[in-house]
Amino acid sequence: MTSGPRRTPRNLAALALAGALLLAGAAQAAGRSAEPVGEPPREAAAAAAEAGEFRTVLDRYCTACHSDRLRTAGLTLESLDLAHVAAGAETWEKVIRKLRAREMPPPRRPRPDDATYARFVHWIEGELDAAALANPNPGAETIHRLNRTEYTNAVRDLLALEIDGRELLPADDQSYGFDNIADVLSLSTSLLERYMLAAGKIAQLAVGSPSIRKTTASYTTSPVLRQHYRMSELHPFGTRGGFATRHYFPVDGEYEIRVTLERTHGDAIKGLQRRNRLQVRLDRRRVAEFEIGADGQREAWSAVFDLTPYEREADEDLRLRLSVAAGMREIALSFPRTSAIAEGVLEPISAAETYHYAGDRDAPMAVWIVEIEGPLDAAAPAVTASADTAAATPSRERIFTCTPEGASAEAQAACAADILATLARRAFRRPVDSDDVDALMAFYDAGRSRGGFEGGIEFALRAILVDPEFLFRIEVDPPGTPPGTPYRISDLELASRLSFFLWSSIPDDGLLALAEAGTLREPGVLEAEVRRMLADPKSAALVDNFAGQWLFLRNMRSVKPDPIAFPEFDGNLREAFQRETELWFESQVREDRSVLDVLTSDYTFVNERLAEHYGIPGVHGNHFRRIRLPDDTRHGILGQGSVLTATSYANRTSPVKRGVWVLENLLGAPPPPPPADVPGLEDSESVADPSDPDSRPRSVRERMERHRTDPVCASCHVRMDPLGFALEGFDAVGGLRELPVEQTSGTLPSGRELTGPVSVREMLLANREDFVGTVTEKLLTYALGRGVEYYDHPSIRRIVHGAEPDGYRWSSLILGIVDSTPFQMRKAREQ
């Protein structure tokens, strides 16, 4: 077994802080070496001729501006040596991007023909790729703290315990579009304290300590979520509204569930004008039913600000106390749905985010807050002498791999050592030795003196959960490796990289066993593991974490369209937008479709609310189903409401935000940030003549004209605006609208005309290699937990070219990343 660092008993804070520093410099996994691959030298005369030919191209079209004297945009191409392209690799990678996008030379300047563009780019890339093969530069990784999502998933897979990481830890900073970037995942003193508190709570929940204090979990529904229909798959058919969640009950015992109903802004409970039945279900079984509201003879309702006690307090008795077995349970509350409509004038339904809706006492009754308190009287889970006795919860089954054979201290210590060795191996992602176990047994002894056998296991588990080898992903250079030397990482480090890439979590026992045996890189083994892991439900992390950030899905939680401008938007539509894209992206990966399907897929997932918004008939019910889109307007990601809403302002569309999103996330060519003194579009510009009340409204395109005519602004807007204008056929919440052709068209710097969303998709498909390269770059950034540098681009091109014969399938890109130099290797740290 690989020897781990020797540890001695110490307080938990010192273990976490001092261990992080010590482990960063510890030596382990010896025997690794770089494996550079060389390329046969080319004929010197041919190489010189090509360099001379392309020097002529540069001198003719580029160096008039990018000379040593002018250095336009801080760039000179005059003194770059084309006989040694690799020496200026960072500059040449920037040049490649500009040439591929046909952004240089600028419009109205002399340009080479397309064949020359293509030959020049191909030649530069070939020179850079050959140099990268001969002298690989995988980059040097830093210590990588687990982010909140990874920590939550690691606890789940280590202890079979689902926790809400948002309650325990703060959100992580983002960089390069993702929140798993090592450089910004720092560890402050306050964050360390949060980890300490989280470890204590998690250890208690996992072990199921009978001394656990009662707590109250509070779940709140959105006030703009209409509870008119069946809300989720956890609710039975024939119901409407309510709330549902999966809640972890730490021990067998009694718990109290309390319900608060939704109120108006005047604090009156909604829906009391008719009789309602509220049903409570535990694990799909009804455990209680409450009746609330008028029966036709109830006291008359008072004025809005002169409420009766019943209007304010009718839900005070909505509470029940019940015995619940420990473990994860489903809690669902709902109202039986009735189709009857009250007599009287049928009034229109107000928009969910309007003041009128917030004050409507006649709106259907809705659940607002659900509180679960307990345990009120916990029952202690017994540890018996029989190894065949099942534990009370999945967590206990995962933790207690043995039970003490008798009551002797020696028997308990032997069992504790076995339990802690198993947990430490999984948590530290490596084999453990006697030094590791002895250090943890010191914590066990301290805990056992106060809480017996299980108290000792709980205290040692706390130590594991704040150990630097659990909280950090640490890769250490082999002994004697010269600084700056590239080398292949160990199988254990590769297994950890792989699991955090595909699962955002720790390796499972199968992957860890292959790494321990040193067989992970044997022919066919790594590919088989990648495919197995993609088929595992845990690969949903790619949807939640990669797609959730790449496609701006996480932004849907915070978008707030103006309820006056877009009264049709509500919490149900917000959830539907996000769920549509999640299901759609999951199907792309699960079915191993081509990455190009991100642009061209002719299907999506809708429920009744979303289908109504999209104008698709024949869809009923709140459950999502896969449908074929009626036309190509909404094909691919560019037609989905999530992206269109996330790239708009509250009261209008934003061609700039949409154009930037396409450039950055689909073409990999983000524009620079705007100067600080650039003014926005003022409301006073919304009409052609503010002094004339009959003056027609000005379109967004007309209001942006000033930015496009300013030379400073035009250099970027000439790239962004045509893409955004072509998507103007969608409003700020993704609905279709009719606009004149001149408002939905534009011309790119390359001269290509865009008109409508279909033309944007066709442009991207015409530049499919750039699009696939951008997706690969995003995936690689996410996989490595660092930004892509200029020396990574040869690997990206190799991945893209390798995936082409397979039609750019997702598995081909992922396998290419896993097999790439940046993923398989690292460079020894400079001293």
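## The open sheet

In what order do the four strands of the open sheet lie, and is their pairing parallel or antiparallel? In this predicted model, the order is 2-9-4-7, and the strands pair in the antiparallel sense. At the edges are strand 2 (215–220) and strand 7 (319–324), each of which pairs on one side only. On average, and with direction ignored, neighbouring strands of this sheet are turned by 20° against each other.

Within this sheet, strand 4 (residues 253–261) and strand 9 (residues 367–374) are joined by six bridges in an antiparallel arrangement. Strands of a sheet, in general, pair through backbone hydrogen bonds, and they may do so in a parallel or an antiparallel way.

Strand 5 (residues 276–282) is largely enclosed by the rest of the structure, because six of its seven residues are buried.

Strand 3 (residues 239–249) is mostly covered, with nine of its eleven residues buried.

## Valine 287

Valine 287 belongs to strand 6 and is partly exposed, its relative accessible area being 27%. That value lies between the 20% limit for buried residues and the 50% limit for exposed ones.

When neighbours within four places in sequence are left aside, valine 287 is in contact with Val280, Arg281, Leu282, Leu320 and Leu322. The C-alpha atoms of valine 287 and leucine 322 are separated by 8.6 Å, although the two residues are 35 residues apart along the chain.

## Helix 28

Turning to the helices, helix 28 (residues 793–803) is largely enclosed by the rest of the structure, because eight of its eleven residues are buried. The buried residues are His793, Pro794, Ser795, Ile796, Arg797, Ile799, Val800 and Ala803.

Which helices do the buried residues of helix 28 pack against? They pack against helix 3 (89–100) and helix 4 (114–134), and also against helix 27 (768–784), helix 29 (810–818) and helix 30 (821–824).

Rolling a probe the size of a water molecule over the atoms shows where empty space is left. A search of the whole structure finds eight cavities of 30 Å³ or more, and the largest cavity holds about 90 Å³ of space.

The lining of the largest cavity is formed by Glu141, Thr142, His144, Arg473, Glu475, Arg497, Ala783 and Leu784. By residue class, this lining divides into four charged, two polar and two nonpolar residues.

Notes. Residues are numbered from 1 along each chain as its sequence is written. This is a predicted model: local features need pLDDT of at least 70, side-chain atom pairs count only at pLDDT 80 or more; totals for chains, interfaces and linings use all residues. Side-chain values use heavy atoms; hydrogens and water are left out. On a 1 Å grid over the protein atoms alone, a cavity is a set of points where a 1.4 Å probe fits but cannot get out, and a pocket is an open set with protein on both sides within 12 Å along at least five of seven lines; lining residues have an atom within 4 Å of a point. Grid points are joined across faces, edges and corners, and a volume is the space filled by probe spheres set on the points. Ala, Val, Leu, Ile, Met, Phe, Trp, Tyr, Cys and Pro count as nonpolar, Asp, Glu, Lys and Arg as charged, and the others, Gly among them, as polar. Buried means under 20% relative accessible area, exposed over 50%, partly exposed in between (1.4 Å probe, protein chains only). Helices (H or I, at least four residues) and strands (E, at least two) are DSSP runs, numbered from the N terminus. Contact means heavy atoms within 4.5 Å. Two strands pair if DSSP finds at least two bridges between them. Axes are lines fitted to C-alpha atoms, for helices over the stretch in contact, and angles run from 0 to 180 degrees between N-to-C directions.
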